[in-house]
Amino acid sequence: MSAPTATADAAPMNRRQTLEALSGLLLVLFVAMLSSTVVSTALPKIIGSLNGSQTQYTWVVTATLLTATATTPIWGKLADLFNKKLLIQVAIVVFLAGSVAAGFAHSAGQLIAARAFQGIGVGGLQALVQVAIAAMIPPRERGRYNGYLGGVMALATVGGPLLGGLIVDTSWLGWRWCFFVGVPVAIVALFLLQVTLHLPTARRDNVKIDYLGATLIAAGVSLLLVWISFVDGSFAWLSWQTGAMVGGSVLLLALAVLVEARAAEPVVPLEIVRERTTALAILGSLAVGMAMFGGAVFLGQYFQIGRGYSPTEAGLLTIPMMAGVLLSSIVAGRLITASGKIKPYIVAGSIILVVGFALLGTIDHETSLVLVGAAMFIVGVGVGMTMQNLVLAVQNTVALKDIGAASSSVAFFRSLGGTIGVSVLGAVLARQVTDRITHDLAAAGIPTSGGGGSSTLNLAALPAPVQQIVRAAYGDATGHIFLISAAIAVVGILAALLLKPVTLRSSLDLPDTARSVAVAADAVDGAPAFDEVAVDVAGPGERARR
């Protein structure tokens, strides 16, 4: 394969240009996060109006996570080969198409399919925004900008549930606008990126995309997640379906490893994944994703069904968690930039996350909202200190040419963890709710079929005595899934403790890599290139002086 030829599409960005470009990227990230959070409080009403089940409730979330997970490494690898801005814009278009399709869904099945397509775009946006930021800002300086990322996360996660609640509570809008509302924002982001984002492109004469490896990874992960979602419900743990799905998934992923080891341009480079920091960050992200996504997805359901609040009120009640994310990400980001040290904050965040989930594990349908809010705030602090910083730890260890594959690998496993978490915890919740409702209906002398043909999520269609039983069942069962989240998050603590203590670099690229690229460019073009390398290796202050 011929060596990559760097083309300077733009001179190194100054702070103003960086902030302008960052505004478009943050708007893209906001849109991607909003697509999930805006439906979190509205989902009980959405599934209720479509007469869906608890399993379908879980799958509306899982479908997006699944396709986002399966496509994340593909988007990341493409970012190492092609124009990053163009790829982000393509992902936005895919996201827009999925959003419109979801808004026009007329059944739970159609909604799940549309959300699955939307997830392809979400996977691209989540991976590519991180890649673009890494190509603009050195790791040492990136901690400062993590505050902006935390602010966007907090705004999307607080504003999303509030907006979703207001939409479904407003009669002249309706739940379909939960999916339409992100369309104008995404269109604005599309054009803003065209104007503000200018990144160098690596052109290669003989690009090879590992389509076989990408297909095997996507198929293996998808089959595993489908099994997790349906086992112990549609079929038993020990059944031919389990053997076929688990065996098929293991076989597909084993073949994927073999293909990736031999591919010229692997989707997930094994040498990067095997590196200690990357491997531990992946393990930590897997645990954080399982705990965070798996636990937080059901908070809206807890407040509405378990406690009887409206979607708007449920959105307001989630503010403590997002306040924790915003505060901790800004403070930790500033401290990381000042010291260059990242491990202490990841370790502290992992411990705080476990404590928060353990406290949430004590809640039931009568728990004081003050205690619930305090526990959510602690969880938010833990998320703000760990999620972005695990990606940053990996980006600090790899060359700029591999930043896409490395960043997407962490995002892939975090999303995978989230998908598994939502699937497993959703299955646990569904089983406990069903058993509790069946038991309490029998104890009250109400026939098990007392709810008629209505979904238990459509409370308005249930008799008053049954409504109270359903509320208590959901409220009490939610605490159990948060205890499981706490146990899973302990793995994140172990991974954080094993990370090597390092000082973040102040250059966009690894110094040795940058110099070798400069030497190669000098040999090809016959012109000195060390001035440009010196600018890259130097920090932003040195870049300004030059």
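**Figure 1. Salt bridges of the predicted model.** The count of salt bridges (a side-chain nitrogen of Lys or Arg within 4 Å of a carboxyl oxygen of Asp or Glu) comes to 3. The model is predicted, so local features need pLDDT of at least 70 and side-chain atom pairs count only at pLDDT 80 or more, whereas totals for chains, interfaces and linings use all residues. Residues are numbered from 1 along each chain as its sequence is written, and side-chain values use heavy atoms, with hydrogens and water left out.

**Figure 2. The salt bridge between Asp-169 and Lys-45**. The N to O distance in this pair is 3.4 Å. Asp-169 belongs to helix H6 (residues 139–169) and Lys-45 to helix H2 (residues 43–49), so the bridge ties together parts that lie 124 residues apart in sequence. Helices (H or I, at least four residues) are DSSP runs, numbered from the N terminus. Asp-169 has a relative accessibility of 34% and counts as partly exposed; Lys-45, at 41%, is also partly exposed. Here buried means under 20% relative accessible area, exposed over 50%, and partly exposed in between (1.4 Å probe, protein chains only).

**Figure 3. The network of Arg-436, Asp-440 and Asp-476**. Arg-436 forms a salt bridge with Asp-440, with the closest N and O atoms 2.8 Å apart. Both residues lie in helix H18 (residues 403–443), 4 residues apart, or about one turn of the helix. The side chain of Arg-436 also meets that of Asp-476 in a salt bridge, at 2.8 Å from N to O. Asp-476 lies in helix H19 (residues 464–498) and Arg-436 in helix H18, so this pair ties together parts 40 residues apart in sequence. Salt bridges that share partners join the three residues Arg-436, Asp-440 and Asp-476 into one network. Arg-436 is partly exposed at 30% relative accessibility, while Asp-440 is buried at 16% and Asp-476 is buried at 16%.

**Figure 4. Leu-25 in the largest nonpolar core**. This core (buried Ala, Val, Leu, Ile, Met, Phe, Trp, Tyr and Cys residues joined through side-chain atoms within 4.5 Å) has 149 residues. Helix H5 (residues 108–136) supplies the largest share, 14 residues. The residues with the most contacts inside the core are Leu-25, Ile-88, Ile-92 and Leu-360. Apart from neighbours within four places in sequence, Leu-25 is in contact (heavy atoms within 4.5 Å) with Ile-88, Val-129, Ala-132, Ile-133, Met-136, Leu-193 and Leu-197.

How values were computed
Helices (H or I, at least four residues) and strands (E, at least two) are DSSP runs, numbered from the N terminus.
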